[in-house]
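Thanks for coming. I will take a few minutes to walk through one model, from the overall layout to some backbone details.

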Amino acid sequence: MERKNLWAPWRIKYVQGLSGKTSCFLCDDIASPEEDAKNFVLWRTPEAIVVFNRFPYNNGHLLIAPSRHIAHIEEATELELTALMRLIRDCQKVLSLAIRPHGFNVGMNFGRCAGAGLPEHFHIHVVPRWDGDTNFMHVCGDTDVISQSMTELYTKLVELSQKNNLPTV
Ligand SMILES: [Zn+2]
């Protein structure tokens, strides 16, 4: 069977920025609610935060993270684990309303060797998928297109969240 990966060339900026970085962008986002729109923070709950991945694998790629700076899932409380799982559900709900994906990848990476870009603060990726999107992203994959569509989608998700009382924590 042919192996198909999403091709996301704009991510090179992110990969190049990884070395020597010590700050945690999730904690930076959590600490500055007045900059939520600028930082693409979609939701805040007592236990967690939902932000756009600014270097997305696909349109609508969201990150769900506990509000606490913890690296390992075993450090999370039962309350946090439940909150994170509910947010996976709500992310799928709002993305389905907004952009009608055909499917989702939901996943976590622990450790740099496993592909974690920020191993010190664990988080869950929610990546919308469409039939044939591996080909589509190759055609449209430049940074300007992505950041433009990200701003539009952010506005749309904020509106839909208000209209549908999301997140339903
Ligand atoms: Zn952190």
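This is a predicted model: local features need pLDDT of at least 70, side-chain atom pairs count only at pLDDT 80 or more; totals for chains, interfaces and linings use all residues.

Before the strands come up, one definition: two strands count as paired if DSSP finds at least two bridges between them. With that in hand, the bridge partner of Trp43 in β2 is Val50. That bridge belongs to the pairing of β1 with β2, which run antiparallel and are joined by three bridges.

Let me step back to the layout. The protein has five helices and five strands. Reading from the N terminus, the order is α-α-β-β-β-α-β-β-α-α. There are 169 residues in the protein, and 25% of them count as buried. If we take the contacts with a separation of 6 or more, 68% of them are accounted for by residues 24 or more positions apart.

Nonpolar side chains tend to be buried together in soluble globular proteins. Here the largest nonpolar core has 25 residues, and those with the most contacts inside it are Ala48, Ile49, Val50, Ile64 and Cys91. Which elements give two or more residues to this core? They are α2 (25-31), β1 (41-44), β2 (48-52), β3 (62-66), α3 (78-99) and β5 (124-129). The most comes from α3, with six residues.

Ile49 is worth a look on screen. Setting aside its neighbours within four places in sequence, Ile49 has contacts with Leu26, Asp29, Ile30, Val41, Arg44, Ala65 and Ser67.

Now α3 itself. What span should we expect for its 22 residues? At 1.5 Å a residue the answer is 32 Å, and the end C-alpha atoms of α3 are 32 Å apart, which agrees. The buried residues of α3 are Ala83, Leu84, Leu87, Asp90, Cys91, Val94 and Leu95. Looking down the axis of α3, these buried residues fall within an arc of 135°, so they line one face of the helix. On the face turned away from that buried side, α3 carries the exposed residues Glu78, Met85 and Arg89.

That leaves the backbone details. Most residues other than glycine have a negative phi, and most peptide bonds are trans.

Arg100 sits in the loop between α3 and β4 (103-107). Is Arg100 buried or exposed? Arg100 is exposed, because 9 other C-beta atoms lie within 10 Å, and the cut-off for exposed is 12 or fewer.

Then Asn165, in the segment after α5. Phi of Asn165 is near 50°, again a positive value in a residue other than glycine. Asn165 also counts as exposed, with 9 C-beta neighbours inside 10 Å.

Last, the peptide bond from Leu166 to Pro167, which is cis, with omega near 0°. Pro167 is also placed in the segment after α5 (143-163).

To recap: the largest nonpolar core has 25 residues, α3 gives the most to this core, and the peptide bond from Leu166 to Pro167 is cis. That is what I have.

Note on methods:
Residues are numbered from 1 along each chain as its sequence is written. Helices (H or I, at least four residues) and strands (E, at least two) are DSSP runs, numbered from the N terminus. A residue is buried if 20 or more other C-beta atoms lie within 10 Å of its own, exposed if 12 or fewer, and partly exposed in between; C-beta atoms are placed from the backbone. Two residues are in contact if their C-beta atoms, placed from the backbone, lie within 7 Å. A nonpolar core is a set of buried Ala, Val, Leu, Ile, Met, Phe, Trp, Tyr and Cys residues joined through C-beta atoms within 7 Å. The expected span of a helix is 1.5 Å times one less than its number of residues. The arc is that of the directions from the helix axis to the C-beta atoms.
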